[in-house]
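Here is a predicted model to look at.

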Amino acid sequence: MDIDTLNGLKNCPLFKGLTDKEIIDLMHRVQYRVHEYKRGDLFALAGDPCRHANIVVSGEISAKIIGPSGRIIRMDLHHSGQLLAPAFLFAKDGHYPVTIEAERVSRVLRIGSDDVKTMLLLDPRIATNLVCILSNNISFLTKKVGLLSMTVREKVGSIIKAEMKRQGTSSIYIALSRQQLADDLGIQKYSLQRCLHELQEEGVIRVEGRVVHVDNIALL
């Protein structure tokens, strides 16, 4: 196992509490393959069967819902150590509910469902960690559904407040492009731009490139 793959597994919460040697020894007991994807490559289409546990070793992989009209809602952006749609591996209807695409050059480690079961039996910590991962996913998806039900202004306000809390400042840096942010919020880019402009006109925020200064949080 190369060092990049090992580091990706160390970042994965599925292996929380395991040493490097324990991870390597465990992986020697199962079959796995590492696949590389270029930017724009499709990992899976919505409706494809989910038969493997997939761990992002490096790069960025996005999960999107694409509507009939072509509208895109980005459900999540996965980085090194994150599992792709783990809840559907053992589901009765085990199919991907989203389209999964590489945002840049990425590597993904794939483990078959039977080998995942073997890992659960070999080390009880893996089973405990998987339960935690699934619980966190449910929490994340519940919040995501709640966000998508909001108005445009409520969505923008919610993401700004969340970033203020995370960054610990009223002047926040938005790492995502306007299009990426709009996709995350499930809105059109022009709707996002218009909302930001209206908030500026009202004196609620000031936008300087990717930095947003919050001047009146009570009105956000």
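**Cavities and their linings**

Q: Which element makes the largest share of the lining of the second largest cavity?
A: That is α5, with 3 residues. The elements that give two or more residues to this lining are α5 (152–167), α6 (178–185) and α7 (189–201).

Q: What makes V156 a lining residue of the second largest cavity?
A: A lining residue has an atom within 4 Å of a cavity point. V156 is listed in this lining, together with I159, I160, I174, R178, L181, L192, L196 and V212, so V156 has such an atom.

Q: How do you know that the second largest cavity belongs in the count?
A: The count takes cavities of 30 Å³ or more and comes to 2.

Q: What is the volume of the largest cavity, and which residues are closest to its centre?
A: Its volume is about 100 Å³. Of the 13 lining residues, A53, L83, P86, L89 and L130 are the closest to the centre.

Q: How does the lining of the largest cavity divide, and which strand gives the largest share?
A: The division is 11 nonpolar, 2 polar and no charged. Strand β3 (residues 52–58) gives the largest share, 3 residues.

Definitions and conventions:
Residues are numbered from 1 along each chain as its sequence is written. This is a predicted model: local features need pLDDT of at least 70, side-chain atom pairs count only at pLDDT 80 or more; totals for chains, interfaces and linings use all residues. Side-chain values use heavy atoms; hydrogens and water are left out. On a 1 Å grid over the protein atoms alone, a cavity is a set of points where a 1.4 Å probe fits but cannot get out, and a pocket is an open set with protein on both sides within 12 Å along at least five of seven lines; lining residues have an atom within 4 Å of a point. Grid points are joined across faces, edges and corners, and a volume is the space filled by probe spheres set on the points. Helices (H or I, at least four residues) and strands (E, at least two) are DSSP runs, numbered from the N terminus. Ala, Val, Leu, Ile, Met, Phe, Trp, Tyr, Cys and Pro count as nonpolar, Asp, Glu, Lys and Arg as charged, and the others, Gly among them, as polar.
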